[in-house]
Amino acid sequence: MAITVEEVRTLARSLPRTEEALVRDRVKFRVRGIVYLAFSRDETVMGFAFPKEERAALVAAEPQKFLMPEPADERFNWAQVRTDAVDAAEMRELVVEAWRMVVPKKVAAEYLGASGAS
């Protein structure tokens, strides 16, 4: 059930305008410098763009799966998930939704329309 950086990389690289970066030994995916995914150094936790107004409810609903961001990241639209607690389908949903938060609406609409995703 655990996801890997390689699985996420394959999906993220298919998303328009995404670039991958290695920052302080951490794999990150971003659009025009705005990070929407980042892995912990040991790759056991994936941070992702998520509305900060909704993250407390997300974590409260499934605390064994989701984590609040590090204190330094609490001001951002950010949440975290344990990579061993999420499957490929849920990973895809988290990644695509995080990406949608950082690209222009038109780019997301074109991609989602072309891919048949919702």
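The largest pocket in this predicted model has a volume of about 250 Å³. The second largest pocket has a volume of about 160 Å³.

**The largest pocket**

- The residues that line the largest pocket are Arg26, Lys28, Ile34, Val35, Ala38, Ala49, Asp73, Phe76, Asn77, Trp78, Met101 and Val102.
- By type, the lining of the largest pocket consists of eight nonpolar residues, one polar residue and three charged residues.
- Strands β2 and β3 (34-39) each give at least two residues to the lining of the largest pocket.
- Strand β3 provides the largest share of that lining, with three residues.

**The second largest pocket**

- Around the second largest pocket stand Arg26, Ala38, Phe39, Ser40, Val45, Met46, Gly47, Glu70, Asp73, Trp78 and Gln80.
- Two or more residues of this lining come from each of the strands β3, β4 (45-49) and β6 (78-82).
- The largest share of the lining of the second largest pocket, three residues, belongs to β4.
- Five nonpolar, three polar and three charged residues make up the lining of the second largest pocket.
- Arg26, Ala38, Asp73 and Trp78 are among the lining residues of the largest pocket, and Arg26, Ala38, Asp73 and Trp78 are also among those of the second largest pocket.

- Strand β1 covers residues 18-23 and strand β2 covers residues 26-31; the two pair in the antiparallel sense, over six bridges.
- Within this pairing, Glu19 stands opposite Arg30 in β2.
- The hairpin has two residues between its strands, and Arg24 takes a positive phi near 50° there.

**Helix α3**

- Helix α3 runs over residues 88-100, which is 13 residues.
- At the N-terminal end, α3 is capped by Asp87: one of the side-chain oxygens of Asp87 lies 3.3 Å from the backbone nitrogen of Ala89.
- The buried residues of α3 are Met91, Leu94, Val95, Val96, Ala98 and Trp99.

Definitions and conventions
Residues are numbered from 1 along each chain as its sequence is written. This is a predicted model: local features need pLDDT of at least 70, side-chain atom pairs count only at pLDDT 80 or more; totals for chains, interfaces and linings use all residues. Side-chain values use heavy atoms; hydrogens and water are left out. Two strands pair if DSSP finds at least two bridges between them. Helices (H or I, at least four residues) and strands (E, at least two) are DSSP runs, numbered from the N terminus. The expected span of a helix is 1.5 Å times one less than its number of residues. Buried means under 20% relative accessible area, exposed over 50%, partly exposed in between (1.4 Å probe, protein chains only). A polar contact is a pair of N or O atoms within 3.5 Å; within protein, one must be able to donate a hydrogen and the other to accept it, and residues adjacent in sequence count only if both atoms are side-chain atoms. On a 1 Å grid over the protein atoms alone, a cavity is a set of points where a 1.4 Å probe fits but cannot get out, and a pocket is an open set with protein on both sides within 12 Å along at least five of seven lines; lining residues have an atom within 4 Å of a point. Grid points are joined across faces, edges and corners, and a volume is the space filled by probe spheres set on the points. Ala, Val, Leu, Ile, Met, Phe, Trp, Tyr, Cys and Pro count as nonpolar, Asp, Glu, Lys and Arg as charged, and the others, Gly among them, as polar.
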